[in-house]
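Hi,

Here is the structure I promised to pass on. My notes follow below it; have a look whenever you get a moment.

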Amino acid sequence: MKKMFGFLRIRKEEKGLVIAFVLISLFLHACCIWCFSDSFLKESIENGGVFYSQFHVSGYDPITYAVVTHWGTTYQVFRHPLLAFFVYPLFLLNNGLIALTGYNLVQFLLAGILLVCNVYSVLFLYRIFREIIGVLRKDAIILTFLFYGFAHIIVASIVPDHFTVSMCLLLMALYLSGSYMRKGKEWTIPQTVILFVVTAGITLSNGVKIYIDALFTNGIRFFRPKYLLLAVILPAALLWGFANWEYYVYVQPKEKEQKRAAIKKQQMAKQQAYKAFMDTTSITNPKEKEAAFTKMYRLQQKKEAKERWNSMHKGLPIKGKSIFLRWTDITTPRWDSMVENLFGESIMLHQDELLGDTLRNRPLIVVYRWWICYAVEAVLVILSLVGIWFGRKSRFLWLTLAGFAFDMVIHLRLGFGLNEVYIMASHWAFVMPICIAYSVLAASRYNVMTLCRYNVVRILLILITVFLWLYNGSLLVSYLLGGAF
């Protein structure tokens, strides 16, 4: 047991880094708790809805606050099939604390979970830089701070969504894969099953990355019949079966009830519109009256549906009956989304529409006020591309890029979550500093001229890191302490 979980032990050289991030995280969590505590501390088991009405931080959902207060399968079960059950112990603990204290301490409980996940995310990323890629300790520290200076890494680290937990698991899987590659070891069937079930249970798409990690680590042996059946096919089938069972037992009855209520409401609205039309129309022929009302009502319904759709900035999905096709988007502009959202907002917050929600009132595309923001974005992308070139012979880098490619396919090609793609930065943004690490590694070798370039790259990274922390940190803290309502 000690050997199995020995990689979770914090080493001597890592303690200073961990303490620094713990202090920063505690301050940011304190700001977030203070911002919403007036409403959330008073939220009892019997009440509901205050989390959804009061919590507005970009597109992040306060579902976990609600589920830990009054448990239910509120998450989208085909995307997060086990998440509600994973947080059930927290629900029991929180309701016990409510009974003892009279206060809802859900913010503090989730802050503790997120703090632990952030600490280990820092550790795994730092170790990837040091042990897997092999950069110097000071460069590993710079790159770690650079990553945590990204806008929606800082934000995700304090909000009650699943992204920080997912990131911790993905970085742990990457670190283990890199370690196994160096030692010539393979993923075992139990390891693969456990990591897949936990990771995919939180977010189904991230389970694919566990299989990508296993494929690159195990190589051709990934396709052994026994491994393929027991570690890949069977867990995936069971998880999908569980998601379907969860849907039919917990979700479908609620959907049917909501659909009946919506139909009843729509019928009443139609009756009122019919009465108003008949009382005011100048048409005298009964058949013409009916035809005119039907035409008018259909046009009105289409117009209202289009306005609702456009107000939520949802692109049109690919046509089809599959639930997965409903999450696609073929109309949102790709280039603007890449510049302003994918590699923009993910890294640097926009000053205008600060942390607004595209499903409420934030425009889909927001531009930066300062040219320096675009310059920082361009430098980071270029350094990442240079790192890919220098690290092109690294199997670990190609493993990392394979997971990144999967994310880009579902976001840019299929359009999943493209209207708020930056909130999913925790799933992929660590790929950028990993690529940049190969640039740093290449610049630190060879001769005097290369050493000069190495110092230039290091100074550039330090300047960008300081800028990101000051820029994103000040905007986030001002948003929370200045009032987010």
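By a nonpolar core I mean a set of buried Ala, Val, Leu, Ile, Met, Phe, Trp, Tyr and Cys residues joined through side-chain atoms within 4.5 Å; buried is under 20% relative accessible area, exposed over 50%, and partly exposed in between (1.4 Å probe, protein chains only). This is a predicted model, with local features needing pLDDT of at least 70 and side-chain atom pairs counting only at pLDDT 80 or more, while totals for chains, interfaces and linings use all residues. Numbering starts from 1 along each chain as its sequence is written, and side-chain values use heavy atoms, without hydrogens or water.

The largest nonpolar core has 131 residues, and F150, F430 and I434 touch the most other members. Leaving out residues up to four places away in sequence, F150 is in contact (heavy atoms within 4.5 Å) with S346, I347, L380, A429, M432, P433, L468 and N472. A second, separate core has 5 residues, including V77, A243, Y247 and V251.

Now to H427, in the loop between α16 (395-413) and α17 (431-443); helices are DSSP runs of H or I, at least four residues, numbered from the N terminus. H427 is buried, because its relative accessible area is 5%. Beyond four places in sequence, the residues that H427 touches include H162, F163, N206 and D407.

L238, in helix α12 (residues 225-280), counts as exposed because its relative accessibility is 55%.

Lastly, cysteines: C373 is buried at 0% and C435 at 2%. A search of the whole structure for disulfides (cysteine sulfur atoms within 2.5 Å) finds 0.

Cheers

Technical notes
Helix = DSSP H or I, 4+ residues; strand = E, 2+ residues; numbered from the N terminus.
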